[in-house]
Every structure is written in structure tokens, then in C-alpha cells.
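Student: I would like to learn how to read a model of this kind one feature after another. Could you take me through it, with the general idea and then the case at hand?

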Amino acid sequence: QVQLVESGGGLVQAGGSLRLSCAASGSIFSINGADWYRQAPGKQRELVAADRSGGSTSYADSVKGRFTISRDNAKNMVYLQMNSLKPEDTAVYYCKVIVTTTSGLHGASYWGQGTQVTVSS
């Protein structure tokens with residue numbers, strides 16, 4: 001089993017920054033990819049940033065140039081640095097990792113519980 005715990009959310013003024021962290025633990029052999037999603041009230045969950053092994057990253061157009069996803073594989077940590085935040089970035093942010101487990105299961109996905117980000121104008 002794999003557990004994810006997100007942290008770093010909170011209330012920030014427009015133009016400010018936050019760094020979200022996602023700590024993965026449990027039966028992880030390797031993290032092969034990581035995503036950050038967000039869901040605003042009344043809206044569908046959307047992919048914000050993706051990181052795949054080999055250094056490939058991608059971002060939603062709405063956050064490109066402002067958000068940066070990164071990983072520390074040695075610590076099983078995933079991060080989302082968010083700069084120049086806007087009120088429309090307000091949402092619950094979720095971390096998802098794609099792992100190979102210690103039992104050899106490849107490509108299993110696990111989600112965190114979410115962390116609230118609120119950007120005031």
C-alpha cells in the first residue's frame with residue numbers, strides 16, 4: 001500500500017507564492033511519474049502539472065510560466081511551486097503518483113487527500 005500526504009496549502013494574496021509538498025510512503029520501489037490536479041468548487045478536477053521520468057514536464061496553459069513541478073526521488077517527495085498566484089487558482093490541489101511497488105506492480109496510481117489553496121484578491 002502507498003500513502004500520500006500533501007501539505008503547504010493555505011491562504012495567500014494575489015501575486016504571492018506557495019509551495020505544495022506531497023510525501024509518498026509505503027510499498028514504493030520507484031516513482032515513475034507524478035501529477036498535480038486541482039478542483040475548484042462546482043468545477044471538474046483538472047490536470048495542472050505532470051512530471052514523467054526522464055525529465056519531461058507539462059503544464060496546463062493557465063499555469064504555464066507560473067507553476068513548477070519537481071520531484072526528489074530519494075525522499076519520495078513531489079512538489080508544486082506556485083508563483084504569481086491569482087484568485088482563479090483557488091482550489092483543492094491533489095497529488096497523484098505513478099509508482100512501481102516493491103511487489104513489482106508497475107504503473108499503479110495513488111492519490112493524496114488534497115490541500116486547500118485560497119488566493120484572495
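Tutor: We will go from the overall fold to the strand pairing, and then to some individual side chains. Please keep in mind throughout that this is a predicted model.

Student: What does the radius of gyration say about the chain when it is set against the globule rule?

Tutor: The idea is to compare the value with what a compact globule of equal length would give. For 121 residues that expectation is near 14 Å, and the chain has 14 Å, so the two agree. As for burial, 45% of the 121 residues count as buried. Among contacts with a separation of 6 or more, 56% are accounted for by residues 24 or more positions apart.

Student: How should I read the pairing of strands, and which way do β4 and β5 run relative to each other, parallel or antiparallel?

Tutor: One looks at the bridges, their direction and the residues that face each other across them. Strand β4 and strand β5 (residues 46–52) run antiparallel and are joined by six bridges, with Trp-36 having Ala-49 in β5 as its bridge partner. The two strands form a hairpin with six residues between them, and Gly-42 in that turn has a positive phi of about 75°. Strand β5 then continues to strand β6 (residues 56–59), again antiparallel, through four bridges, and here Ala-50 is partnered by Ser-58 in β6. This second hairpin has three residues between its strands, and Gly-54 in the turn has a positive phi of about 105°.

Student: Turning to side chains, how many aromatic pairs does a search of the whole structure find?

Tutor: For aromatic rings one asks for the distance between centres and the angle between planes. The search finds one aromatic pair. The ring centres of Tyr-37 and Trp-111 are 4.8 Å apart and the planes stand at 50°, so the pair is tilted. Because Tyr-37 lies in strand β4 (residues 28–39) and Trp-111 in strand β10 (residues 106–111), the pair ties together parts that are 74 residues apart in sequence. Tyr-37 is buried, at a relative accessible area of 16%, whereas Trp-111 is partly exposed, at 39%.

Student: Where does the charged end of Arg-45 sit?

Tutor: A charge above a ring is read from its distance to the ring centre. The charged end of Arg-45 sits over the ring of Tyr-94, 3.7 Å from the centre, and Arg-45 also lies over the face of Trp-111, at 4.9 Å from the ring centre.

Student: Is Arg-71 buried or exposed, and what does its side chain reach?

Tutor: Arg-71, in strand β7 (residues 67–72), has 19% relative accessibility and counts as buried, because the cut-off is under 20%. Its side chain reaches the backbone oxygen of Ile-31 at 2.8 Å, and a polar contact of 3.4 Å joins the side chains of Arg-71 and Asp-51. The residues that Arg-71 touches include Gly-33, Met-77 and Val-78.

Student: And what is the accessibility of Gly-33?

Tutor: Gly-33, found in strand β4, counts as buried at 0% relative accessibility. The contacts of Gly-33 include Asp-51, Arg-71 and Val-97.

Terms used. Residues numbered from 1 in each chain as written. Predicted model: local features only at pLDDT ≥ 70, side-chain atom pairs only at ≥ 80, totals over all residues. Heavy atoms only, no water. Phe/Tyr/Trp six-rings, centres within 6.5 Å; stacked < 30°, edge-to-face > 60°. Buried < 20%, exposed > 50% of the residue type's maximum accessible area, 1.4 Å probe, protein only. Lys NZ or Arg CZ within 6 Å of the ring centre and 35° of its normal. Pairing = 2+ DSSP bridges. Polar contact = N/O pair within 3.5 Å; in protein donor to acceptor, adjacent residues only side chain to side chain. Contact = heavy atoms within 4.5 Å. Rg over C-alpha atoms; globule rule 2.2 N^0.38 Å. Lists of a residue's contacts leave out its neighbours within four places in sequence.
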